[in-house]
Amino acid sequence: MPSTLLRTAPALRAGLRARAAKPLAAAASTGFVRGKATLPDLPCAASPSIPHSVWAFAGFSADADADDYGALEPHISGQIMELHHSKHHQTYVNGFNAAVEALSEAQHKNDSKAAAAQAPLLNFHGGGHVNHSLFWENLAPNGKGGGGEPEGKLMTAISEDFGSFDNLKKQTNAALAGIQGSGWAWLVKDKASGTLSLVTRANQDPVTGNLEPLLGIDAWEHAYYLQYQNRKVEYFSAIWNVINWGTVAKRFEK
């Protein structure tokens, strides 16, 4: 495949690197099994398939109800979480795997035109898988790892780069409200300077290059519409009640 295709498909490179990357948590990272993307379990939706250590990290006990998609209520409904995770994210997983297979076949046939046609699909579906895998790690039940304020080095950096935690929330909510159509707002760290900033990405474009994504908030309608309808500003305010600052701090301090 020509090198120009790789330059125009950052998610392809990120996705292929992710196959070999060590997960951040046993059941809550971008999943790849034998070269194929897989749907990760939810740290905030207790299931017998999730190790006890992950349940405890997300604020659950070992006897939590199976598939508790309602763990984030009333801030995010169980219906939204179930559809968002088991349907929407699964679609990105399926689409990414199909695009990778099509790319492999095109490479085998030395068909550069067919290979190039996969670039937007790899970016969209690969980005969707990577973005959502990180998003689930961001969330925990309120009072059980979710909500409150960040602490330690992360809080110090937020105060230095945004003035205060309240300013970070206000600027993030403004960035989310300003997204036209679908997309994400991200708190990111510059890998060179270590400074924090906010960026937005359209559709499922992933955060790549010199920026490390720390916290992502999904502004697609499927993340909120069943509960908040056209009142997306209420969703942007509510999600802060279930942000897992422990996982954000771990990414920041890596």
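**View 1. Three strands form an open sheet in the order E4-E3-E5, with antiparallel pairing.** Strands here are DSSP runs of E with at least two residues, helices are runs of H or I with at least four, and both are numbered from the N terminus; two strands pair if DSSP finds at least two bridges between them. Strand E4 (196-202) and strand E5 (211-218) stand at the edges with a single partner strand each, so one side of each has no neighbour in the sheet. On average, neighbouring strands of this sheet are turned by 30° against each other, direction ignored. This is a predicted model, in which local features need pLDDT of at least 70 and side-chain atom pairs count only at pLDDT 80 or more, while totals for chains, interfaces and linings use all residues. Residues are numbered from 1 along each chain as its sequence is written, and side-chain values use heavy atoms, leaving out hydrogens and water.

**View 2. Strands E3 and E5 run antiparallel.** Look for strand E3 at residues 183-190, joined to E5 by seven bridges. At one of them, Trp 186 has Gly 216 in E5 as its bridge partner.

How values were computed:
Axes are lines fitted to C-alpha atoms, for helices over the stretch in contact, and angles run from 0 to 180 degrees between N-to-C directions.
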